[in-house]
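Student: Could we look at this chain together? I would like to know what stands behind each label.

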Amino acid sequence: MTSAVTTRPAISVRGLEKSYPGSRKTGPVAVLRGVDLEVARGSIVALLGSNGAGKTTMVKIMATLLRADAGSVSVNEFDVATQAGRVRESISLTGQFAAVDEILTGRENLLLVARLRHLADPGQVADALLARFSLAEAGDRRAGTYSGGMRRRLDIAMSLIGDPPIVFLDEPTTGLDPQARLDVWDAVRELAAGGTTVLLTTQTLDEAEALAHRIAILHQGRIIADGTLDELKGMFPPAKVEYIEKQPSLEEIFLAITGPQKVGEKESA
């Protein structure tokens with residue numbers, strides 16, 4: 001007998017509001033002004049917005065690190081306000097900067113988290129994640145010698161210990177070079193291919209276009225557009241067909257010159 005597959009969203013946000021204290025003159029500053037959002041299971045959704053749009057505030061509320069002023073949020077069908085413990089068991093959060101211990105080796109970082117989660121075989125878990133994120137050859141090196149992309153991949157690998165069904169990535173490629181950014185993109189695609197739900201925040205348009213099944217645009221505290229890339233493009237008049245000479249971007253030139261790099265070839269930080 002096969003079990004029924006739930007169609008309920010992995011994340012559901014309704015009427016979310018959050019303000020921060022302001023000055024005596026201005027009063028409270030509204031950051032989120034009634035946000036609605038749904039994220040389907042096993043999908044990648046990009047929350048796109050400029051600096052100060054409220055992306056990180058929204059992620060912190062969904063991850064139970066911040067309390068909302070109004071509205072409701074459920075993550076993995078648990079209410080973040082009344083079932084915070086169950087929500088934390090269901091998620092992993094990777095912030096804007098890699099939270100690895102640079103004194104420990106890559107493998108030791110993974111072992112530490114696996115032991116903190118009381119997993120049965122921390123060594124096996126660590127070795128499997130090193131292989132999955134192309135870090136096996138560097139596993140016995142101190143994380144402080146890793147390049148930015150390698151540290152970021154290790155950070156994401158640490159966040160997957162315990163197989164959380166939902167992963168929050170807050171601007172995961174901040175400060176990375178073009179090749180490292182592509183490595184992280186591959187890691188994110190692999191997460192979704194394995195059934196993990198991914199919500200990532202970004203202010204990089206091509207990142208959202210390259211990764212997301214759906215894109216939600218957060219502007220002035222509200223979701224002003226939400227849909228697939230094709231649906232968002234459909235909001236505009238049909239494009240005119242013009243024949244122009246397309247020049248390569250600087251990023252394309254950089255990648256063409258440097259070529260794909262293997263993990264062992266990357267420079268240490």
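Student: What share of the protein chain counts as buried?

Tutor: Of its 269 residues, 43% count as buried, where buried means under 20% relative accessible area, exposed over 50%, and partly exposed in between (1.4 Å probe, protein chains only). Keep in mind that this is a predicted model: local features need pLDDT of at least 70, side-chain atom pairs count only at pLDDT 80 or more, and totals for chains, interfaces and linings use all residues. Residues are numbered from 1 along each chain as its sequence is written, and side-chain values use heavy atoms, leaving out hydrogens and water.

Student: What is the mean pLDDT of the protein chain?

Tutor: The mean is 86, and 90% of the residues reach 70 or more, on a scale of the predictor's confidence in each residue from 0 to 100. Over residues 263-269, though, the pLDDT is below 50, and this stretch has 20 contacts beyond near neighbours in sequence (contact means heavy atoms within 4.5 Å).

Student: Why are β9 and β10 called paired?

Tutor: Two strands pair if DSSP finds at least two bridges between them. Strand β9 and strand β10 (residues 222-227) are joined by five bridges, so they qualify, and they run antiparallel.

How values were computed. Helix = DSSP H or I, 4+ residues; strand = E, 2+ residues; numbered from the N terminus.
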